Amino acid sequence: MEPQVQWIHSGVALLQPMMALVIWSMVVWAWMYATRLPAISAMKMKLDPTVPSGTQMAQLPAKVRWKADNYNHLMEQPTLFYAVTLALCFLNQASELAVVAAWSYVVLRIIHSLFQALFNIIQVRFVLFILSNIPLMIMIYLTASRVF
């Protein structure tokens, strides 16, 4: 087996995009707090645990909330990506198609994050979200075809 092909089939090539999305999620987490904490301070907001969840944060400027909204989105659908990526690695199915699909998913999710956190143009975000589902569906198909 050629060294490159062996490297791809080892699973490391699939773990790289997965870890890239994990790292990006932590970048967005830091970005969220780097904007949220100064905004809370500037508004002299007194955090009250008796107020319903999200009520106080809804008072923050939209550009601050967008980062938190995106961080929450990175904790939702990408969980499917993580599960499928690990399943492909476990099944020793880190094909070139799987790796390209994984990187495509990660790149589209990062672009989606940037649009949501900076501009929040919903139509663009929607298109990016739909496009990111294509490589994810390819990965799901590759996994399901091996499992069933």
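Val51 is partly exposed, because its relative accessible area is 26%; the cut-offs are under 20% for buried, over 50% for exposed and partly exposed in between, with a 1.4 Å probe and protein chains only. Val51 sits in the loop between helix 2 (12–42) and helix 3 (62–74). A helix here is a DSSP run of H or I with at least four residues, numbered from the N terminus. From Val51 to Phe90 there are 39 residues in sequence and 45 Å in space, C-alpha to C-alpha.

A word on the source. This is a predicted model, in which local features need pLDDT of at least 70 and side-chain atom pairs count only at pLDDT 80 or more, while totals for chains, interfaces and linings use all residues. Residues are numbered from 1 along each chain as its sequence is written, and side-chain values use heavy atoms, with hydrogens and water left out.

Next, helix 2. Its 31 residues should span 45 Å at 1.5 Å a residue, and the end C-alpha atoms are 45 Å apart, so the two agree. The expected span is 1.5 Å times one less than the number of residues. Buried residues in helix 2 include Leu14, Met18, Leu21, Trp24, Val28 and Met32. As background, an α-helix has 3.6 residues a turn, so residues three or four places apart point the same way. Just after helix 2, Lys44 takes a positive phi of about 55°.

Now the aromatic rings. How many aromatic pairs does a search of the whole structure find? It finds four. Rings of Phe, Tyr and Trp (its six-membered ring) pair if their centres lie within 6.5 Å; planes under 30 degrees apart count as stacked, over 60 as edge-to-face, and the rest as tilted. Phe81 and Tyr105 are a stacked pair, because their ring centres are 4.7 Å apart and their planes are at 25°. This pair links distant parts of the chain, with Phe81 in helix 4 (residues 78–90) and Tyr105 in helix 5 (residues 96–118), 24 residues apart. Phe81 is buried, with a relative accessible area of 0%, and Tyr105 is buried, also at 0%. Phe81, Tyr82 and Tyr105 form one aromatic cluster.

Last, helix 6. Met137 is found in helix 6, and Met137 counts as exposed because its relative accessible area is 51%.

Definitions and conventions. Helices (H or I, at least four residues) and strands (E, at least two) are DSSP runs, numbered from the N terminus.
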